[in-house]
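Student: I would like to learn how to read some features of a protein model. Where do we start?

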Amino acid sequence: MKDSHGVIIIFNPELPSHLKEIEMWYSCFVQQQPLLDSQCLLVAHHKPGSAGDTENLSLAYPLNKLNLIHSNLEEDPEDVRMEFMKYFRSIINLINESREREEMSIIS
């Protein structure tokens, strides 16, 4: 966990126990690091053939303010790939901005 720049939490939204577990993972890996919420991505993974409800997933605070994507690799693999790419780009931008601030503080 030390020096991590981002966290991806993947869970099965059809299992009620997972909804409680992701709160613990969020607390351990995001809040205690501390990372920004923008550095966390939640992935609600739906198994092939499941009729997962992607509209009515209610997450507890503070999880409900995180970026959430629904994945089903049989139905929309390209959408999932694009969302991961957007997330990784945002992490790379944060790292670059942090590095630039650090370099500027050294120069100043």
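Tutor: Helices and strands are DSSP runs, numbered from the N terminus. This model is predicted. P34 lies in the loop between helix 1 and strand 2, which covers 40-45.

Student: Which kind of peptide bond joins Q33 and P34?

Tutor: As a general idea, most peptide bonds are trans. The bond joining Q33 and P34 is cis, with omega about -15 degrees. Another cis bond runs from Y61 to P62, where omega is near 5 degrees. P62 sits in the loop between strand 2 and strand 3 (67-71).

Student: Is D3 buried or exposed?

Tutor: Buried means under 20% relative accessible area, and exposed means over 50%. D3 has 61%, so it is exposed. N12 has 9%, so N12 is buried. N12 is in the loop between strand 1 (7-11) and helix 1 (16-31).

Student: What lies 2.9 Å from a polar atom of the N12 side chain?

Tutor: The backbone nitrogen of E14 does.

Student: Which residues form the negative surface patch?

Tutor: The patch consists of E97, E100, E102 and E103. E97 is located in helix 2, residues 77-107. Values between the two cut-offs are called partly exposed. E97 has 41% relative accessibility, so it counts as partly exposed.

Conventions:
Residues numbered from 1 in each chain as written. Predicted model: local features only at pLDDT ≥ 70, side-chain atom pairs only at ≥ 80, totals over all residues. Heavy atoms only, no water. Patch = residues over 30% accessible without salt bridge, like charges linked within 9 Å, V, L, I, M, F, W, Y side chains within 5 Å. Areas by Shrake-Rupley, 256 points an atom, 1.4 Å probe, with all protein chains shown as cover. Salt bridge = Lys/Arg side-chain N within 4 Å of Asp/Glu carboxyl O. Lys, Arg positive; Asp, Glu negative; His and termini not counted. Charge placed at Lys NZ, Arg CZ, Asp CG, Glu CD. Helix = DSSP H or I, 4+ residues; strand = E, 2+ residues; numbered from the N terminus. Buried < 20%, exposed > 50% of the residue type's maximum accessible area, 1.4 Å probe, protein only. Polar contact = N/O pair within 3.5 Å; in protein donor to acceptor, adjacent residues only side chain to side chain.
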